[in-house]
Amino acid sequence: MLFWMTIVFLFVLAILWKWGFPAITKMVKERQNYINDSLEKAHEANEKLANIQKEGESILQQAREQQAAVLKEATATRDAIVAKAADQAKAKGAELIADAKAEIEQEKQQAIREIRAQVAELSVKIAEKIVKEKLSTDDKQMELIDKLLDEVNITDQANK
């Protein structure tokens, strides 16, 4: 059994030696070359990154300067817009106040007319009640008619 195990071992070893180990060593060398290439590329990338960082800093400085200029311009524009809006608001406020005053005056006149109409109506009702009370008898009615006719005659004579 030992003999056969040795023969099988040698046979497997020969197959591995012929095809296995060269493939494994080839893969290891390829892996080593890949790692070396990757290290070189990483080194180059680090150098490029350093250059990019320097360029980025200069670009960032330029951007800051441009930002300051834009902010200054924006502040001036904002101030102009705020001043214009304030002027427009004042004008609109004055217009609203004038409109409100005119409306208040109209409502006041309307209220005065309504009050006068109510006073006139109340006066007529009061006069009606007083006249009814004074003219409750026939004698009083005749006396009032005569008095009114006399006043009409006097007015007609004065007009002639």
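This is a predicted model: local features need pLDDT of at least 70, side-chain atom pairs count only at pLDDT 80 or more; totals for chains, interfaces and linings use all residues.
Residues are numbered from 1 along each chain as its sequence is written, and side-chain values use heavy atoms, with hydrogens and water left out.

Back to Glu143. You'll find Glu143 in helix H2, residues 138-159; helices here are DSSP runs of H or I, at least four residues, numbered from the N terminus. Glu143 also belongs to a negative surface patch, together with Asp138, Asp139, Asp146, Asp150 and Glu151. For a patch, residues need over 30% relative accessible area and no salt bridge, and like charges are joined within 9 Å. The accessible areas come from the Shrake-Rupley method with a 1.4 Å probe. Asp and Glu count as negative, and the charge is placed at CG of Asp or CD of Glu.

Now, which residues meet in salt bridges? The structure holds 2 of them, a salt bridge being a side-chain nitrogen of Lys or Arg within 4 Å of a carboxyl oxygen of Asp or Glu. Asp79 and Arg78 make one, at 3.1 Å from N to O. Asp79 is partly exposed at 41%, and Arg78 is partly exposed at 49%. Glu121 and Lys125 make another, with their closest N and O atoms 3.4 Å apart. Those two sit about one helical turn from each other, because they are 4 residues apart in helix H1. Glu121 is partly exposed at 47%, and so is Lys125 at 45%.

On to the rings. There are 2 aromatic pairs, meaning rings of Phe, Tyr and Trp (its six-membered ring) with centres within 6.5 Å; planes under 30 degrees apart are stacked, over 60 edge-to-face, the rest tilted. Phe3 and Trp4 pair edge-to-face, 5.4 Å centre to centre with 70° between the planes, and both are exposed. Trp17 and Phe21 are also edge-to-face, at 5.7 Å and 85°. Trp17 is exposed at 62%, whereas Phe21 is partly exposed at 35%.

One last thing, about distance.

Note on methods:
Patches are made of residues with over 30% relative accessible area and no salt bridge: like charges are joined within 9 Å, nonpolar side chains (Val, Leu, Ile, Met, Phe, Trp, Tyr) within 5 Å. Buried means under 20% relative accessible area, exposed over 50%, partly exposed in between (1.4 Å probe, protein chains only).
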